[in-house]
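Me: I am new to this structure and would like to understand the words used for it. Could you go through it with me?

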Amino acid sequence: MSQEVISGSRRKFLFLALLLTVALAVSLLFSLSVGTSLVSPKEVLTCLIAFECGKSAKLVVDMRFVRACVAALSGAMLALAGTLVQGLTRNPLADPYIIGVSSTSLAVVSAAVLLSPSVLVHRQVLIAVAFAGALLGYILTTTISLLSGGSGTSLVLSGIAVSALFSGISHVLLYLSQNRIAQLGRNYVFLLLGSTSGVLRQDITYLAISLATSLAIIFVLGIPKALNAYLFGELYASQLGYRVRALTATTALVSSVLTGATVAVVGVVGFIGLAGPHIARISAGTSDHRATVVLSALTGSILTVLADALTRAISAISSWGELPLGVVTGIIGAPFLAYLVVKGGRG
Amino acid sequence: MRVRVDGVTFSYNSVKALDDVTVEVECGKVTCLLGPNGAGKTTLLKLIASYIKPERGAVYIDGKDLKMYSPRELARLISIADPHLPRTLPMRVVDFVLTARYPFQGAFQYFERDNDLKVVEEVSKETLISHLLDRRLDQLSSGELQRVIIAAALAKRPRILLLDEPSAFLDIRYRFDMLDAIKRYTLAQRTVTIIALHDLYLASLYCDTVVLLSKGKVVSYGSPREVFTSQIIEEVYGVRVKVVPVDGEILLAFPLPSGEGTTIQEQTAS
């Protein structure tokens, strides 16, 4: 019985991982061909693989390639951070946004931008600043939550308080520095609601390094298994030989790195950190982190790449210009999540 | 295998939960911790599981201080089952029971081996949960959940088995089934088994040794026959009891109500 159940879910996991990887590749291809000028997927493929393409197509594909990669990486990172935070709080409603990590990160970034707008161009500094902000947010939220009893509900409530306060602060700070940001050719709304329009080629490297480091830490330290044990209580995890304090600290640190890096590069993109883990969990049929860590990263990645492609498609056919990414992730992600919740609730 | 709790004192925020407790527990026997709420039963179990550290005194396993064992060694040796299981994120029964095998897996082993699955297979037969394995934990009844928790404790194949209220939420049939399974495992594997119980009747049926705790101190210690006298029980619980021997070995301890509103009172009044 246990053998069949486990080998069944192993097969399902491998199948889903494969399916999502293919879907990610297709979405990336789609994303490269969509925009103000349409490039056919076939042409995109020849450009990428054979390096044979027209000068204009190459330019377009090159530019979109950076955006699509950044979207894919930040989506994966946000969803991964969401999975970790939900495990850490044992709360399916938690995401990097709800526990206040993204808004403190953005607030610190905004403060840095106000003090010296050139920080937007110095990406290493920006990522370090955003990461510090994310960590500050986590410490603040958990402290308030501990002071109020340390339950899951109190964590979410204190997270909402922290995030309301700091998104207010960052709105004000960004509003104050909007002229300086505009001088650098940016729109401050894009930092608030996320966008890949201002990304630079080197951002791919920074995001890739942050993601790779986080994944290395997650897998080398065996965090997926440890979080599985931690879901059943601190006593349960500790009797399995896990050092609970070290586990929670490391997991919080990794999710702050992931969130901070994405906030620095694309701003605050909501919903991915919540939808990614949920979609992964519902499709895998369990919260086993060994599966959800991988599946949520892939799901988050696909959602963000598609949302980014959609922002460009909309700007191509309308006169509104580009919509912020964070708005679109909600619009395409929410119906899908709702469908899965309804379906999962019945099954 | 032998566990010795030696002069242990522990307090939560300056409220003493255990006060100079000394207990020695042998293997192959079921030892029961009894006592009213707040007597220190759970605290004692957590101390033996090394989840909390004693302020004074020490716990020894085979003559070696708990502090000298690594967390991994202890994780393989000791199982502690707590009836309160958080289950806010949906996990399946099989995922939960398999977590008990983690201490036996290598640091870089991502998935379980067949051997782990075999253990889970055996354990689910012993605890009658085979049909529940692919169900989600949040869809179980409280009685089913209790059996799953006991299954996870046994799935570690522990040398020291600590159970907190394993009979809570179970109906009368499963109480016997679960305690039978625990007793069988104790005898077969020669484990040190310590159970915190509330039910005096079950204690007299299944326990070889009884440790009666009250306000953090050991009040009485011995076989159920020795400990279960109406005088001791009444003193500790503050309730009148009638102890009735059955077949010379088993004791039935009937708590008698003292308050109003019981059917006995109403019947005698009418």
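Predicted model: local features only at pLDDT ≥ 70, side-chain atom pairs only at ≥ 80, totals over all residues.

Me: What makes β9 and β10(B) a pair?

Reply: Two strands pair if there are at least two bridges between them. Strand β9 (residues 209-214) of chain B and β10(B) have 5 bridges, in the antiparallel sense, so they count as paired.

Me: Why is one side of β6 and of β10 of chain B left without a neighbour in the sheet?

Reply: The open sheet has 6 strands, in the order β6-β7-β8-β3-β9-β10 (chain B), with mixed pairing. Because β6 (78-81) and β10 (217-222) stand at its edges, each has a single partner strand. From one strand to the next, the twist averages 15°.

Me: Why is A:L325 called buried?

Reply: A residue is buried if 20 or more other C-beta atoms lie within 10 Å of its own. A:L325 has 29 such neighbours, so it counts as buried. This residue is found in helix α15 (residues 325-346) of chain A. Its contacts include A:G194, A:V266 and A:T311.

Me: How many residues of chain B are in contact with chain A?

Reply: 34 residues of chain B are in contact with 30 residues of chain A. On the chain B side, α2 (71-77), β6, α3 (93-99) and α4 (114-126) give two or more residues each. That side divides into 22 nonpolar, 5 polar and 7 charged residues.

How values were computed. Residues numbered from 1 in each chain as written. Chains lettered and ligands numbered in written order. Helix = DSSP H or I, 4+ residues; strand = E, 2+ residues; numbered from the N terminus. Buried ≥ 20, exposed ≤ 12 C-beta atoms within 10 Å, placed from the backbone. Contact = placed C-beta atoms within 7 Å. Axes fitted to C-alpha atoms, helices over the stretch in contact; angles between N-to-C directions. Nonpolar A, V, L, I, M, F, W, Y, C, P; charged D, E, K, R; others polar. Lists of a residue's contacts leave out its neighbours within four places in sequence.
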